[in-house]
Amino acid sequence: MTSINEQPIPAARPVIGEDEIEAAVRVLRSGRVVQGPEVAAFEEGFSRLVDDRHCVAVNSGTSALHLLLLALGIGPGDEVIVPSFSFAASANAVRLVGADVVFADIEPGSFGLDPAAVEAAITPRTAAIMPVHLYGHPAAMDKLMPIADKHKLAVVEDACQAHAAALNGTPVGAFGAGGTFSFYPTKNMHSLEGGMVTTADAELARTLRLLRNQGMEQRYANEIVGANMRMTDVSAAVGRVQLGKLEGWTEQRRANAAYLDANITAPSVTTPPVAEGARHIYHQYTVRIRGDRDAAMARLTEAGVGNAVYYPTPIHRLKPYWEPDQKAGRTWDLPETEKAAAEVVSLPVHPSLTEGDLERIAAAVNSLGENL
């Protein structure tokens, strides 16, 4: 139980400091508030995280996924292979362009797409594979890219939770045809709200810029049908400040995770494994609970340790997907997905944690013991 002098430890703590506030006020006073110099500077700065790829800033991570699929020409009649163990936005973006979602199972360690399951899911209609770098751990890109190359498929990276994660030295967002990032306030860095698309293809980048701005590069000279998915300069200014702090925050997250790895010893709890060659940036520190997860979470909450489940319902069981599949007589065999959804719990790992916080988290988890 939390003592009267102890504050609960939040599962996440978005940072909006004086630097961010000053940057936002500076832009507001400038009068250049949408798709101006701050956005261009943010794109240029973020490019250094993704092997100098072209970067196109948009208004959300979902917009980033949506526009990348549109720019790649994916639409009705196409299939995109997606993990069901992810936030719904991953699959929603596919539906929004009129393509069909094909769910494939995940690896139990990384929670990313299982390459064998992906290969088994490929059909003549498959146009793309969408690996999700869930919780900040890179998916098995070293195995997924050869499969995509073999079948001539686009790879759309959902890196919305994985800023600065890498595999064998290559940053996420620099593997496939394009990568996507989110700057929602709970992410490892944020821009109040926003997203980014990354690509090595200059023509694809130009198409993305047209799509985000009503199909225009020059004002009123519309070249294609587009939308308004622009990032504001206020968001970009905040993002630039956060980008400058990202590496320090990332190393603090990794240090916090290392402490928890070393000090969580409860037999009923499995700490997150890290694949060889992977740089996990711990957007979430996600353990597995064997036994009564709800009881474990209640005990952690009583001890003042914030916790949450990401995600309790796999996408294929959500109403917009489950009901059409039932009507079509379609079923998905996703045992690792179902198991993960029943076992995972995310614990605080954010860089605002103190040494005392980390000790309290480990002690609370260890108090769960062996049997739940």
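Contact is taken here as heavy atoms within 4.5 Å. The structure under review is a predicted model.

1. Helix H11 spans residues 335–343, and its buried residues are Thr-337, Ala-340, Ala-341 and Glu-343. The elements that cover these buried residues include strand S12 (285–289), helix H9 (293–302) and strand S13 (344–347).

2. Helix H9. The buried residues in H9 are Arg-293, Ala-296, Met-297 and Leu-300. Because they cover an arc of only 95° around the axis, they lie on the same side of H9. Their packing partners are S12, H11, S13 and helix H12 (355–366). At the N-terminal end, H9 is capped by Asp-292, which has a side-chain oxygen 3.2 Å from the backbone nitrogen of Asp-294. After H9 comes Gly-304, with a positive phi near 85°.

3. Strand S5. All five residues of strand S5 (residues 154–158) are buried, so the strand is largely enclosed by the rest of the structure. In a regular strand, side chains alternate between the two faces of the sheet. Burial in S5 extends to both faces: Ala-154, Val-156 and Asp-158 are buried on one side, and Val-155 and Glu-157 on the other.

4. Neighbours of S5. With strand S4 (residues 126–129), S5 forms a parallel pairing over two bridges, and Ile-129 has Val-155 of S5 as its bridge partner. Between S4 and S5 the chain passes through helix H6 (residues 141–151), giving a right-handed β-α-β crossover. S5 also pairs with strand S8 (residues 178–182), in the parallel sense and over three bridges. In that pairing, Glu-157 stands opposite Gly-179 in S8.

5. A three-stranded open sheet. Its strand order is S7-S6-S11, and the pairing is antiparallel. Strand S7 (170–171) and strand S11 (278–279) are the edge strands, each pairing on one side only. Strand S6 (residues 166–167) and S7 are joined by two bridges in the antiparallel sense; Ala-166 has Pro-171 in S7 as its bridge partner.

6. Aromatic pairs. There are 12 aromatic pairs in the structure. In one of them, the ring centres of Phe-46 and Phe-183 are 5.5 Å apart and the planes are at 80°, so the pair is edge-to-face. Phe-46 lies in helix H2 (residues 37–47) and Phe-183 in the loop between S8 and strand S9 (195–199), so this pair ties together parts that are 137 residues apart in sequence. Both Phe-46 and Phe-183 are buried. Ring pairs also link Phe-42, Phe-46, Phe-181 and Phe-183 into a cluster.

7. A further aromatic pair. Phe-111 and Tyr-135 are likewise edge-to-face, at 5.2 Å centre to centre with 80° between the planes. Phe-111 belongs to the loop between strand S3 (100–104) and helix H5 (115–121), and Tyr-135 to the loop between S4 and H6, so the pair ties together parts that are 24 residues apart in sequence. Phe-111 and Tyr-135 are both buried.

8. Asn-263. This residue is placed in helix H8 (residues 233–263). A polar atom of the Asn-263 side chain lies 2.8 Å from the backbone oxygen of Tyr-259. Residues up to four places away in sequence aside, Asn-263 touches Ala-362 and Asn-366.

Definitions and conventions
Residues are numbered from 1 along each chain as its sequence is written. This is a predicted model: local features need pLDDT of at least 70, side-chain atom pairs count only at pLDDT 80 or more; totals for chains, interfaces and linings use all residues. Side-chain values use heavy atoms; hydrogens and water are left out. Buried means under 20% relative accessible area, exposed over 50%, partly exposed in between (1.4 Å probe, protein chains only). Helices (H or I, at least four residues) and strands (E, at least two) are DSSP runs, numbered from the N terminus. Two strands pair if DSSP finds at least two bridges between them. A crossover is right-handed if, with the strands pointing away from the viewer, the path from the first strand over the helix to the second runs clockwise. A polar contact is a pair of N or O atoms within 3.5 Å; within protein, one must be able to donate a hydrogen and the other to accept it, and residues adjacent in sequence count only if both atoms are side-chain atoms. The arc is that of the directions from the helix axis to the C-beta atoms. Rings of Phe, Tyr and Trp (its six-membered ring) pair if their centres lie within 6.5 Å; planes under 30 degrees apart count as stacked, over 60 as edge-to-face and the rest as tilted.
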